[in-house]
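Dear colleague,

Here is the structure for your files. My notes on the side-chain packing follow below it.

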Amino acid sequence: MAAKAITIEIGYSLTKICEVDYKAKTHKIYKSFTVPNGAEVIHDGALTAPPEYVEVLRRALAANRVKTKQVVFTITSSKIASREVTIPFVKENRIADVVNANATDYFPVDLSQYQLAYTILGTVGETKNAQQYKLLVMAVPSALLTGYYELAKALKLEVAAIDYASNSIFQVVKEECAKGKHIVVKIDERSSLVMAVENSVLTFTRSVSYGFEEIMDTVMNTLCWGEVSSVEQAIRVLQRNDCIVPETEEASESEEGSKSAKDRAQEDVRDAVTPLINGITRVIDYYASRASGEGIERILITGAGADFKGMAEMLARETNMPVTVLKEAAGWNLMRNFKNECFSEYIACVGAAVSPLGFKQESEKRGKDKKAKKEGGGQGTNWAPLAYSVFGIGLVAAAALAAVPMIGYARLTKTNMELKSQAGSLEDIIPIYNEYVAVSNEHLMVDAMYTATESRNEELEEFLGELEDKLPANVNVVSFTSDPYEVTINMKVQTKDDVGAAVEQMRTFHSLVPEMVTVTSIVEEENEESGEHTVNFTVTAAYQAVGYEPEEETAEDAGETENGAAEDAAATNEADTAE
């Protein structure tokens, strides 16, 4: 019979608890229940459990007749750093050694304050000799784990493992996402987790700093759906009522005075949902811009916020992709285990015991190492006589050489003490540096997302102003098309000289590449009735890169530009004469 474990995920308002099989090939959920926190006990993954909260958990475990003593916590925190790395294709039991040896390259921080864990994302390389492991390596501050060990001790439980929420969720959906690219979004109270799973491999994880707390507060502040006084009631109201309704054209055009109380309440809820939807959409767009090959097949949403009526429809509308609430997963009989409950609330709990990363406190790791050494040191050859002989020779040699390094040793000891004292005085900097690293990583992600969305079309109004200011007055713009890379303009003038003048002017636009301003067609027309002669021509021009700033033009450069335009005009006249 498989061993059981209690899995716990602690949120800001609710604590989710399950009793499941631990590291079993078949997945079985025995019990699941939710406990109100009563007070805020967690902040960005850091747990502070007051005695009142511990007593509430103890009573809940007793009331649900949970007697299992092993516990697995699954946590989410922006303080957990992660890196995708590749390492040589070594034996699996040597991967940890390679990761630890290169850890300072992955995380440029004081790693004595962190615990490392990794998960294998897959392998890269076509041939066996060229293969490498692709890993997701994570570093969690040791101080972040302390609160969970203290809670387990207060509940008289043994910590079997501490898992990262993205890995917990991945264990549930990896078979469901066995083919193609899938996005999995877990919507929680104050944050959401966006993951990409491709062919049963976790390839991307990002956190969004928006959740459903504002939506829940909006429902609690209105009487449209009755009096709602608790988090549990607000969640059930959002699951059972049409609180989240996408805005229709008819609704947007209706007068404010004609709206009912329910319409206004739904509008308030929609305003609260919008930042969450936009945050998720931006991360998905960022992933899609980086990913190659086939497109995203579907989006699966889970977490307590996924079961809100209308949430999937809102996200589908904004992303223009199929969105499904995760109700069942391959290899799991979730519908049977959660007949009367919403499974999405417990997804991280049920997956935490499958294959947890196993973050451990440093003291626990040292205890296990000592135990292993003690158990492995009881047998072997008696090398005592040889050891005594070598020791005697070494003692004589040491006595002869001791006087030489003694002075150097004293100097190094003094330096060592000074450095330790200096390190102690700088300990206050560590939290500041950790916060700096977290903010820097977030800034890099946001900057990359913004860069991916930049386009010259954002400056189209400025370009049109430049077109109006610099084109000769006798040039008539007939049509104009633009995309993020180039512009095509159809114009009408009186003579071919005017064509050359227009091209010459366009080559002075700072937003266009001068060498790529070309005339693609010229057609002469004459009105038989009025005798008016006109020349229709089309110019195609490539945009400069976004953010390009032109250098100051010298007199010599200006002369070359004028000569180039004159040569183009002359070439045009010669071609027409030849015709």
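A residue is called buried when its relative accessible area is under 20%, exposed when over 50%, and partly exposed in between (1.4 Å probe, protein chains only). By that rule, Phe204 and Tyr286 are both buried.

This is a predicted model, in which local features need pLDDT of at least 70 and side-chain atom pairs count only at pLDDT 80 or more, while totals for chains, interfaces and linings use all residues. Residues are numbered from 1 along each chain as its sequence is written, and side-chain values use heavy atoms, with hydrogens and water left out.

Aromatic pairs

Rings of Phe, Tyr and Trp (its six-membered ring) pair if their centres lie within 6.5 Å; planes under 30 degrees apart are stacked, over 60 edge-to-face, and the rest tilted. Searching the whole structure gives six aromatic pairs. One of them, Phe89 with Tyr133, is stacked, at 4.6 Å centre to centre and 20° between the planes. Phe89 lies in the loop between strand E7 (81-88) and helix H2 (95-101) and Tyr133 in strand E9 (residues 132-141), so this pair ties together parts 44 residues apart in sequence. Helices (H or I, at least four residues) and strands (E, at least two) are DSSP runs numbered from the N terminus. Phe89 is partly exposed at 38% relative accessibility, whereas Tyr133 is buried at 7%.

Phe204 and Tyr286 form a tilted pair, 6.2 Å centre to centre with 50° between the planes. This pair links strand E13 (residues 201-208), which holds Phe204, to helix H9 (residues 261-290), which holds Tyr286, 82 residues apart. Together with Tyr287, Phe204 and Tyr286 form one aromatic cluster.

Nonpolar cores

A nonpolar core is a set of buried Ala, Val, Leu, Ile, Met, Phe, Trp, Tyr and Cys residues joined through side-chain atoms within 4.5 Å. The largest has 71 residues, and those touching the most other members are Ile10, Phe73, Leu151, Ile162, Val173, Val350 and Phe359. Helix H4 (residues 142-154) supplies the largest share of this core, six residues. Another core, of 46 residues, lies apart from it and includes Val231 and Ile301.

Helix packing

The axes of helix H6 (residues 213-220) and H9 come within 8 Å and cross at roughly 170°; axes are lines fitted to C-alpha atoms, for helices over the stretch in contact, with angles from 0 to 180 degrees between N-to-C directions. H6 is therefore roughly antiparallel to H9, a label for angles over 145 degrees, against under 35 for roughly parallel, 65 to 115 for roughly perpendicular, and oblique for the rest.

Regards
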